[in-house]
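My entries follow in the order in which I checked things.

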Amino acid sequence: MENTCVCTSKQQSCLQEKDKSSKHPCFSLAAHKKYARMHLPVAPACNLSCNYCNRKFDCPHESRPGVSSEILSPRQAYERFLYVRERIPNLSVVGIAGPGDALADWKNTRPTLEMIREADPDVAFCLSTNGLLLPQYANELLALGVEHITVTVNAVDPAITAEIYRLINFDGQQYRGLEAAKLLLHKQLQGIGWLTRHGAVIKVNTVMITGINDQHIPEISKTMKTLGVTISNIVPLIPVQGSAFANWPQTSMPELLAMRERCQADLPQMRHCRQCRADAIGLLGEDKRLELIGGGKLVSAPAQEAI
Ligand code: CLF
Ligand code: SF4
């Protein structure tokens, strides 16, 4: 059996999880050179304002900042999937990774996945989110067959969370400061715990921000372990022009590697993330999008009105 990245557990639940992830290029190190994923950029809206984000670009949680993406309608995304599936036989995963938040744009994410599932019962679904709406959609996600979910958790202490997010838009209201941080954290923990208990495979992304959450990351790993998270992906802060952290120091590779080593005892670490675009297609790090689709219509993801 091909196994997930680093876990060597022989427990039944873990073996089932390994099987689920055996063709997932992000959750399985062994799969990443064999199986391709495609992202469908159907979700431009977002309900948060992270201090490292400039909404002219993709969500940095699961994409490389600095490149604008085209936005597809659910129907266009479905057609793209059919087109790509014909040309990439080792396509194993369809992911929704923004360019905003997949759950904040559920009205687009859901029909996209529904149409694809109807045409293909086997392709795995994957989704990344900031987690604010996880409890709300967790049931539907599993019903649609989304078994791999990435949640960005940058802190488990609201005082630290509050330094990373400027504002949260939830249920028609805006929240700021500690109130916003507590709300986000509560929803993240609730959603992650529920999903792992119901069989989903969860990866937690953490943006390492020197001087804000860097010394706190081991605490995040410990908490995520207790919630049943499978793998951690610690990514560097990339200061993006126009964001609140534009002048913050970029996390260095040595700092990042040392932190992964430190957290490894609690959670397996992803080390092969390519911080790919919200419209990436192909093997990780070998994007086939231009070759298959051409330049496409490049547009900036619109900032959500309320933020
Ligand atoms: Fe896409 Fe993310 Fe699913 Fe992978 S990417 S939604 S888990 S299918 Fe993978 Fe790309 Fe890193 Fe993401 S290399 S940015 S971890
Ligand atoms: Fe930007 Fe929203 Fe992603 Fe935060 S969750 S980085 S605000 S797109």
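**A loop asparagine**

I started with Asn-47, which sits in the loop that runs between β1 (36-39) and β2 (48-50). I note here that the model is a predicted one. I then looked for a partner of the Asn-47 side chain and found a polar contact with the side chain of Asn-130, at 2.9 Å.

**Ligand 2**

Asn-130 came up again when I listed the residues around ligand 2. Also in that list are Cys-46, Cys-50, Cys-53 and Cys-59, along with Leu-48, Ser-49, Tyr-52, Arg-55, Pro-60 and His-61. I sorted this shell by class and got 7 nonpolar residues, 3 polar and 1 charged.

**Ligand 1**

Around ligand 1 I counted 16 residues. The closest are Cys-26, His-39, Glu-62, Cys-126 and Cys-276. By class, I have 8 nonpolar, 5 polar and 3 charged residues for the ligand 1 shell.

**Two helices**

Last, I looked at α3 (residues 106-119) and α4 (residues 134-144). How do their axes cross, and at roughly what angle? The axes come within 10 Å, and the crossing angle is roughly 20°. Angles under 35 degrees count as roughly parallel, so I wrote down α3 and α4 as roughly parallel to each other. I recorded the handedness of the α3 and α4 crossing as left-handed.

Key. Residues are numbered from 1 along each chain as its sequence is written. Chains are lettered from A and ligands numbered from 1 in the order in which they are written. This is a predicted model: local features need pLDDT of at least 70, side-chain atom pairs count only at pLDDT 80 or more; totals for chains, interfaces and linings use all residues. Side-chain values use heavy atoms; hydrogens and water are left out. A residue is near a molecule or strand if one of its heavy atoms lies within 4 Å of it. Ala, Val, Leu, Ile, Met, Phe, Trp, Tyr, Cys and Pro count as nonpolar, Asp, Glu, Lys and Arg as charged, and the others, Gly among them, as polar. Helices (H or I, at least four residues) and strands (E, at least two) are DSSP runs, numbered from the N terminus. A polar contact is a pair of N or O atoms within 3.5 Å; within protein, one must be able to donate a hydrogen and the other to accept it, and residues adjacent in sequence count only if both atoms are side-chain atoms. Axes are lines fitted to C-alpha atoms, for helices over the stretch in contact, and angles run from 0 to 180 degrees between N-to-C directions. Angles under 35 degrees count as roughly parallel, over 145 as roughly antiparallel, 65 to 115 as roughly perpendicular and the rest as oblique. A crossing is left-handed if the near helix is turned anticlockwise from the far one by less than a right angle, and right-handed if clockwise.
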